[in-house]
Structures are given as structure tokens and as C-alpha cells.
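Hi,

Here is the structure I promised to send over. Have a look at it first, and then read on for my notes.

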Amino acid sequence: PEKDINYGFAGDIDNIISDLIANLLNLDITPVFCALTHDHDGQLLNTNADTIATAVAIALSAEFEVSLILSFEKKGVLEDAENDESGIPGLSSSDFARGKIEGSIVGGMIPKLTNGFKALEKGVQHVQITRYDHLAARSGTQLQISHT
């Protein structure tokens, strides 16, 4: 559950203007987003880039088939955080829940995976977590919703 925590100048997403983004995409214009938002009073805010990407992907999934690729310096979710070669090719939402409880999924990977599974639950067709230089390949970790 989200808690009311004030992180200072960190922003949250209130709204995505998906029709504007869809119009740009339909004109073959690729919009680029940065992790800066504002508070409607002129104060710039640093907003988590994965959160922005997730919100945009969810908003566009009503009109487009959307894949969300969350990239960072590792080859994907690692089974052993100390071993860069221990990438997990696929991770289910139940694996994620179990990993948080057991302590094998920790730190910055938790918000990245939380965003990824939220995207899948809200209609994004495909979520991949991979290294920034493997964006074109289907390598890394593919996320999937567990069905019980």
C-alpha cells in the first residue's frame, strides 16, 4: 500500500494526455519524454522515469498494442544480485510476491517490477526488463501475470 510520504521535489503522475500522444504517433512522430514534471505552480519535480513510462504505456494501451521496456544497467532481473550472469528469463507476479517476502527481490528492483506488473494488469501486452544496450532484442526478463 502506498503511504503518504513527502519525498521533497519528487513528482507523481496525475494525468497523461493520451490523445495528444496518439496523434503524434499516428503522424509517425516519436515523442520523447523526460523525467521532469511540475506542480502547476512552476516548481519542477523529478519523477521516476519508469513510472512515467508505465503511465504512458497504460494510457496508450487502450488504442495501441503496447510493449513496455524498462531498461537499466543489468541484463534483467537477477537471481543473485552479485552475479550479473544470473539473469531470470521470465518472472511471474507470484514469483515477484514470493521474492519480496523471501528477500531475493530488494531495493530499486521493487519499484521497477511493481511498475511492470501494474502495466500488465492495466492492459499493456508485453513488459520486458533489460539492459539499455539490449533494447532491440527480446532478451532480459519477460514479466507475466500469474493466473491462480
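How do α2 and α4 lie to each other, roughly parallel or roughly antiparallel? Before the answer, please keep in mind that this is a predicted model. The axes of the two helices, α2 and α4, come within 10 Å and cross at roughly 0 degrees. Angles under 35 degrees count as roughly parallel, so α2 and α4 are roughly parallel to each other. On the α2 side, the contact is made by Asp50, Thr51, Thr54 and Ile58. Lys112, Asn115, Lys118 and Ala119 are the α4 residues that take part. Sorted by type, the residues of this contact come out as 2 nonpolar, 3 polar and 3 charged.

**The salt bridges**

Two of the residues in that contact are worth a second look. Lys112 forms a salt bridge with Asp50, and the closest N and O atoms are 2.6 Å apart. This pair links distant parts of the chain, with Lys112 in helix α4 (residues 109-121) and Asp50 in helix α2, 62 residues apart. For α2, the residue range is 49-60.

Is this pair buried or exposed? Both Lys112 and Asp50 are buried. For Asp50 the relative accessible area is 15%, and the cut-off for buried is under 20%, so Asp50 counts as buried. Leaving aside residues up to four places away in sequence, Asp50 touches Leu70, Lys112 and Asn115.

**The aromatic pair**

A search of the whole structure turned up 1 aromatic pair. Which residues form it, and is it stacked or edge-to-face? Phe96 and Phe117 are the partners, and the pair is stacked, with 5.4 Å from centre to centre and 20 degrees between the planes. Phe96 belongs to helix α3 and Phe117 to helix α4, so this pair ties together parts that are 21 residues apart in sequence. Phe96 is buried at 6% relative accessibility, and Phe117 is buried at 4%.

**A few glycines**

Gly116 has its place in helix α4. At 0% relative accessibility, Gly116 counts as buried. What does Gly116 touch, not counting residues up to four places away in sequence? Its contacts are Leu70, Val127 and Leu143. From C-alpha to C-alpha, Gly116 and His126 are 9.1 Å apart in space, and they are 10 residues apart in sequence.

Gly108, in contrast, is found in the loop between α3 and α4, and at 57% relative accessibility Gly108 counts as exposed.

Most residues other than glycine have a negative phi. Which residue has a positive phi of about 60 degrees although it is not a glycine? That is Asp28, which is found in the loop between α1 (18-26) and β1 (36-38). Asp28 is exposed, with a relative accessible area of 74%.

His40 also has a positive phi, near 70 degrees. The place of His40 is the loop between β1 and β2 (44-46), and His40 is exposed as well, with a relative accessible area of 66%.

That's what I have for now. Happy to go through it with you on screen.

Cheers

Note on methods: Residues numbered from 1 in each chain as written. Predicted model: local features only at pLDDT ≥ 70, side-chain atom pairs only at ≥ 80, totals over all residues. Heavy atoms only, no water. Helix = DSSP H or I, 4+ residues; strand = E, 2+ residues; numbered from the N terminus. Buried < 20%, exposed > 50% of the residue type's maximum accessible area, 1.4 Å probe, protein only. Contact = heavy atoms within 4.5 Å. Salt bridge = Lys/Arg side-chain N within 4 Å of Asp/Glu carboxyl O. Axes fitted to C-alpha atoms, helices over the stretch in contact; angles between N-to-C directions. Parallel < 35°, antiparallel > 145°, perpendicular 65-115°, else oblique. Nonpolar A, V, L, I, M, F, W, Y, C, P; charged D, E, K, R; others polar. Phe/Tyr/Trp six-rings, centres within 6.5 Å; stacked < 30°, edge-to-face > 60°.
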